[in-house]
Amino acid sequence: MSLFADFAALCHRLAATPGRLDKRRLVADYLRGLAPEEVPQAVAFLSGRPFPASDPRVLGVRGSTAGTTEPPGPSLTIADVAEGFAAVAEVAGAGSRRTREARLAALVARATAPEREALARIVGGEMRTGVSDGLVLEA
């Protein structure tokens, strides 16, 4: 299980790296270190999406609760984040907006500050790391 903290650290490094080839190398090295079942989620996250492009699910929330001051819980993994996003997306019916936001808040509450920033960027749909879908595909 790969830690989400490693993903958040990668995002920070990518944002600070100016060269496209260097970004591609960082992404490729990161993806090679993942278990095969984690790669689709990591690729989606790198692209600023909570789910792979072929997945029709949406979170249906206005934003994350990135400003929470709760101390982090146990270390998040890529799978924990993917499962958390799935739990948010599966909610439907009366009161669903409030339930989705509560589930997202519970996920964010477990995260460290750098992880919260990465979660907020995924939920917002914009990673701001200078990594395009094409670069992720090349990597």
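Modeller: The 13 residues of α1 should span 18 Å at 1.5 Å a residue, and the end C-alpha atoms are 19 Å apart, which agrees. The expected span is 1.5 Å times one less than the number of residues in the helix. Helices here are DSSP runs (H or I, at least four residues), numbered from the N terminus. This is a predicted model, in which local features need pLDDT of at least 70 and side-chain atom pairs count only at pLDDT 80 or more, while totals for chains, interfaces and linings use all residues. Residues are numbered from 1 along each chain as its sequence is written, and side-chain values use heavy atoms, with hydrogens and water left out.

The buried residues of α1 are Phe-4, Phe-7, Ala-8, Leu-10, Cys-11 and Leu-14. They cover an arc of only 155° around the axis, which puts them on the same side of α1; the arc is that of the directions from the helix axis to the C-beta atoms. Buried means under 20% relative accessible area, exposed over 50%, and partly exposed in between, with a 1.4 Å probe and protein chains only. On the face turned away from the buried side, α1 carries the exposed residues His-12 and Ala-16.

The cover over the buried residues of α1 includes α2, α3 (39-46), α4 and α6, where contact means heavy atoms within 4.5 Å. Take α2 among these. The axes of α1 (residues 4-16) and α2 (residues 20-32) come within 10 Å and cross at roughly 170°. The two helices are therefore roughly antiparallel to each other. Axes are lines fitted to C-alpha atoms, for helices over the stretch in contact, and angles run from 0 to 180 degrees between N-to-C directions; an angle over 145 degrees counts as roughly antiparallel. From α1, Asp-6, Phe-7, Leu-10, Arg-13, Leu-14 and Ala-15 meet Lys-23, Leu-26, Val-27 and Tyr-30 of α2. By class, this contact has 7 nonpolar, no polar and 3 charged residues. Nonpolar covers Ala, Val, Leu, Ile, Met, Phe, Trp, Tyr, Cys and Pro, charged covers Asp, Glu, Lys and Arg, and the others, Gly among them, are polar.

Thr-129, in the loop between α6 (113-124) and α7 (133-138), is in contact with Cys-11, Leu-14, Ala-15 and Lys-23, leaving aside its neighbours within four places in sequence. Thr-129 is buried, with a relative accessible area of 4%.

Conventions: Angles under 35 degrees count as roughly parallel, over 145 as roughly antiparallel, 65 to 115 as roughly perpendicular and the rest as oblique.
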